[in-house]
Structure formats: C-alpha cells, structure tokens
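Reader: I'd like to learn how to read a model like this one, feature by feature. Can you walk me through it?

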Amino acid sequence: MAKLPLSARIVGRVEESPTIFTLRLRLADERARAAYRFAPGQFNMVYLYGVGEVPISIVSDPSGPELLDHTIRAVGRVTQGLARLQPGEHIGLRGPFGRGWPLREAEGHDILVVTGGLGCAPVVAVINYILMRRERFGRLTIIQGVKHAEEMIWRERYAYWNTLPDTRVLLAADHGGALWPFHVGLVTEVFDQAPITPANTLVMMCGPEGMMHAGIQNLTARGIAEERIYLSMERSMHCAVGHCGHCQYGARFVCRDGPVFAYPRVKELFRVKGY
Ligand SMILES: Cc1cc2nc3c(=O)[nH]c(=O)nc-3n(C[C@H](O)[C@H](O)[C@H](O)COP(=O)(O)OP(=O)(O)OC[C@H]3O[C@@H](n4cnc5c(N)ncnc54)[C@H](O)[C@@H]3O)c2cc1C
Ligand code: FES
C-alpha cells in the first residue's frame, strides 16, 4: 500500500453526465504498478497537486489493477479541479485503503445490491467480481435510484447486466421525465419487484444515509438479518490510515475499519446528528 502519493498518468477520461466523469489512471512507476492490488469496495486518496486530496472509490476490475478507474462527481475544490484534467496529465495517488465488501461471507448467498446516486461507484467492482465467479453466488439483484432521471449514469452497463442469467436490475428515479422507462419514485418502492429470499440474502448498500436508513428498515421488516446488511460509509478524510481522527465514527475510523461495515457495527451511531 502506497502511503505517499505516487504519480499516476491519466490515460482515459469519460464524461458520464454534466457533473460526473471517470478518470482512468495508470501508475507511472513500473514496480509500483506491478505490485498494486485492490479489493472491491476499497478506495484511493486522489491528490490534485497544489489543491488537495480526496478519497475516491476504485470502480475498475480488481483482476486488471494496472488501470484504475475512478468515477467522480465535481462537488467542490478538489473534485472540480480534477474535472478540468485531461489525458496525459498527472495526479498523485495513494492507496488502496480500507476494508471492502465481505466477499467470503457473500459466497453461497443471493446478493442484493442497493445504491443511490453516486453510491453506485463503490459497488461496480464487486458486481464484476461476482459476475466473473458466478457459480459461487446465488441470484444477483442490482437496485439503483437517483433523484432525477438524467443523473442515471451507466445505463448501458445496467442494461447489459440485466440480460445475464440469474441477474436482475431495477432502476428508479424520484423524478422521471418523458423518456424514463423505469420506476418513478423512491428506490425502496422497487424492493417489491426484487426476488428476495430473506433467509439467504446478503445486502450491499451504498448511498445517502437517509436512503440507506429507509432501505435497512424495509429489508429488516422483510426478515433480512441486520448482520447480513453491509453499508459503505462516507466521511471526510485526511490521512486514510487511522491516525488523524478526521473520519472518527465512535470507536472506529471509517478509513481504516470501513468504509464497508456490517450494519450492527455502526447501528448505534447511524443517523445520530454530529456523527
Ligand atoms: C470512502 C469514500 C469513497 C468515496 N468515493 C467517491 C467516489 O467514488 N466518487 C465521488 O465522486 N466521491 C466519492 N467520495 C466523496 C468524495 O471524497 C468527496 O466528494 C470529496 O472529498 C469532495 O471534495 P471536494 O474538495 O471536491 O469538495 P469540498 O470543497 O470538500 O466540499 C464540497 C461539498 O461536498 C460536500 N462533501 C465533501 N466531502 C464529502 C464527503 N466525503 N461526503 C459527502 N459530501 C461531501 C461538502 O459538504 C460540500 O457541500 C468518497 C468518499 C469516501 C469517504
Ligand atoms: S482519515 Fe485520518 S483517521 Fe481516518
């Protein structure tokens, strides 16, 4: 794991929406590139020289770690600066950090992936991981919700996943619009269409905390055990290695002990104001 930023070259850039873009990065140093490995759900600290560093999930395939994709929403100082970069330019990269999705616990289960907004980014790598090892998992259901239909990125990717055996994709937008063929309303409203077998389902969830809270209430009421609901949490970060306390969450650090947690591990503080 790189603790100091390594130089990474931008080798590709995709505009996903007016505010969301994907940067494909390649570590400049050959040895660092050969040694780099990551697990689905981990993140890198992406450093815009002279501006600052932000945590960003790795969305590319863990089996091809030479190219690292990061899908980013331009919201503030660093991410808006990153949005102006073009292929050929360099940024700093350290990572990977954190604990990713519970791959071993998930084996043998039906997997329900529930995401909201750009919460879809931290789950792409785990979806690809499952699809490449299909025999180890049961049914895969992917549910993604957005506020406005135009914020739904990766429509082709979702359409493709929906054609695969034992795989179902359900999309929702709070506000649909004329060309929106999917559900209009909250993401939890499409749970009824999902083939959920509570005793055998493991949930991976990422999105705004209000959405995750509503999702947890809904799924536990259907009989899914809290221990089998995993959340990817977001907090402001600096060191990413459990030293500075910026991401402190009770007795835990989101950077080191998360960002993925089994719900019972964060339940006490989840939705408590100030945490
Ligand atoms: C583990 C982890 C993984 C992440 N993965 C991604 C990803 O794949 N793609 C992506 O676009 N973003 C991701 N984020 C969020 C990203 O780190 C923040 O959007 C970024 O730090 C904002 O920095 P900024 O300097 O551009 O904005 P700032 O100038 O710091 O803030 C601008 C606005 O964004 C809000 N904001 C800042 N940081 C966060 C945060 N961590 N969570 C929610 N709101 C915030 C502020 O409240 C403010 O309203 C992740 C965060 C974590 C902790
Ligand atoms: S970012 Fe420093 S402790 Fe987590």
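This is a predicted model: local features need pLDDT of at least 70, side-chain atom pairs count only at pLDDT 80 or more; totals for chains, interfaces and linings use all residues.

Reader: How many residues surround ligand 1, and which are the closest?

Author: The idea is to list the neighbours, then look at individual atom pairs. Here 19 residues surround ligand 1, and the closest are Pro55, Thr71, Arg73, Thr79 and Glu234. Two of these use the backbone: a polar backbone atom of Pro55 is 2.7 Å from an oxygen atom of ligand 1, and a polar backbone atom of Thr71 is 2.8 Å from a nitrogen atom of ligand 1.

Reader: Next, the domains. Where does the assignment put domain 1 and domain 2?

Author: Get the bounds before you look at the interface. Domain 1 covers 6-97 and domain 2 covers 103-269. Their C-alpha centres lie 22 Å apart.

Reader: How many residues of each domain are in contact, and what area is buried between them?

Author: Count residues, then check the area and which atoms supply it. On the domain 1 side 22 residues are in contact with 21 residues of domain 2. The buried area comes to about 1,700 Å², with carbon and sulfur atoms giving 67% of that. Within domain 1, Pro40, Phe43 and Val59 lose the most area to domain 2, together 27% of what that side buries.

Reader: How many salt bridges and polar contacts does the rule find across that interface?

Author: For salt bridges, the rule finds 0 between domain 1 and domain 2. For polar contacts, it finds 3 residue pairs across the interface, both residues at pLDDT 80 or more.

Reader: How many salt bridges does the structure hold, and which residue does Asp69 pair with?

Author: Take the total, then ask what a given pair ties together. The structure holds 9 salt bridges. One of them joins Asp69 to Arg24, with the closest N and O atoms 2.8 Å apart. This pair links distant parts of the chain, Asp69 being in strand S5 and Arg24 in strand S2 (residues 20-27), 45 residues apart.

Reader: Last topic, the backbone. Which peptide bonds are cis?

Author: The bond from Gly95 to Pro96 is cis, with omega near 0°, and Pro96 is found in strand S6. Another cis bond joins Gly258 and Pro259, where omega is about 10°. Pro259 is in the loop between helix H7 (254-257) and strand S15 (260-262).

Note on methods:
Residues are numbered from 1 along each chain as its sequence is written. Chains are lettered from A and ligands numbered from 1 in the order in which they are written. Side-chain values use heavy atoms; hydrogens and water are left out. Domain bounds come from an automatic or database domain assignment. Contact means heavy atoms within 4.5 Å. Buried area is the accessible area (1.4 Å probe) that two parts lose on being put together, summed over both. A salt bridge is a side-chain nitrogen of Lys or Arg within 4 Å of a carboxyl oxygen of Asp or Glu. A polar contact is a pair of N or O atoms within 3.5 Å; within protein, one must be able to donate a hydrogen and the other to accept it, and residues adjacent in sequence count only if both atoms are side-chain atoms. A residue is near a molecule or strand if one of its heavy atoms lies within 4 Å of it. Helices (H or I, at least four residues) and strands (E, at least two) are DSSP runs, numbered from the N terminus.
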